[in-house]
Amino acid sequence: MRALILSDIHANLEALRAVVDEANNRGGFDVLWCLGDLVGYGPDPVACLKLVQSHSFLAVAGNHDHTAVGKMSVESFNYAAKAAAHWTTSQLPEDEVEFLSVLPLVANNDPFTMVNGSLRNPLEEYLLDADSAVASLKLLTSRFLLVGHSHLPFICLENKGTPQFVEFIEDGVLSLTEERWIINPGCVGQPKDRDPRSSYAIYDDQATTIERHRVAYDIESTQDKMREALLPEYLIERLKSGI
Ligand code: ZN
C-alpha cells in the first residue's frame with residue numbers, strides 16, 4: 001500500500017494537480033491522506049475538494065476548514081486571511097459545507113495518527129519545538145504522528161523524551177525505525193519555507209519508508225484566478241516567494 005501524504009492544500013488546484021500527477025509518475029498511490037486545511041487562501045476550494053474526494057482518502061480538518069464553515073471564529077486571523085475565509089465561505093455549496101463540517105480533528109490508520117496542528121491543540125498549535133513535540137508524543141497512541149499547519153517540512157525523532165528535529169530534505173527517504181517519529185510533509189498550496197514549489201510525501205508500507213518530494217506548479221495561473229476572485233494581493237504575491 002502506498003499513501004500520498006498531503007497537507008495544507010489551501011484551495012490551490014494547480015498545486016494539487018501537480019502533486020497528484022507527479023506522485024502518479026513516481027509509482028502511484030492507493031490512498032490520499034490529507035492533514036487539514038484543504039481550503040482557505042486559494043481560488044479553487046470546490047475543485048480541490050472534488051479532486052480529493054475522487055480518490056480513496058482519509059482527511060482531518062484544519063483551522064481554515066473550520067473557519068470556512070463557521071465552526072471557528074476568524075478573529076485570530078489577519079485581514080488577508082479573514083478576507084479569504086469570507087470569500088471561501090461564499091463559494092461553498094451545502095454538500096461541501098457538510099463535508100468539511102464532519103471531518104475529524106484526529107484520524108488513525110495504524111501505525112499513523114494524523115492531525116493538522118498538534119494532538120494537544122489540533123486546530124491551533126504549531127508543532128515546531130521540543131515542548132509541543134513532547135506534549136503530542138505523550139498523547140500519541142500509535143508509532144507515527146503526521147502533522148501540517150506550519151507549512152514547514154520536518155521530521156522529529158522521539159529520542160527517548162528529548163525530541164530531535166531534523167530537516168526532511170528534498171527527495172529524502174526516511175526509513176521508519178522502531179522509534180516514534182513526528183513527520184510534517186510540508187505544504188501543497190502555500191509553502192512557507194522560501195521555496196514556492198509544492199511539497200508532499202509518499203508512504204510505502206512494503207519498503208516501510210516515507211519519502212518527500214517537491215514539484216513546481218503553474219503559480220501564475222493560481223495568481224490570475226486569485227486576482228479575478230479579488231482575493232488579497234498579499235496572499236497572491238507570497239505564493240511566488242514561498243513565505
Ligand atoms: Zn494551513
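Me: Which spacing do the donors of the zinc ion follow along the chain?
Reply: This is a predicted model in which local features need pLDDT of at least 70, side-chain atom pairs count only at pLDDT 80 or more, and totals for chains, interfaces and linings use all residues. Residues are numbered from 1 along each chain as its sequence is written, and side-chain values use heavy atoms, with hydrogens and water left out. Donors (N, O and S atoms within 2.8 Å of the metal, or 3.2 Å for Na, K and Ca) follow the spacing D-x1-H-x26-D-x113-H.

Me: How many residues apart are Asp37 and His151, which link distant parts of the chain?
Reply: Asp37 is in the loop between strand E2 (31-34) and helix H2 (45-53). His151 is in the loop between strand E6 (144-146) and strand E7 (154-157). Helices (at least four residues) and strands (at least two) are DSSP runs. The separation of Asp37 and His151 is 114 residues.

Me: At what distances is the zinc ion coordinated?
Reply: Asp8 and Asp37 each coordinate through OD. His10 and His151 each use NE2. The distances are 2.1 to 2.3 Å.

Me: Is His151 buried or exposed?
Reply: Buried means under 20% relative accessible area and exposed over 50%, with partly exposed in between (1.4 Å probe, protein chains only). Asp37, at 1%, counts as buried. The relative accessible area of His151 is 2%, so His151 is buried.
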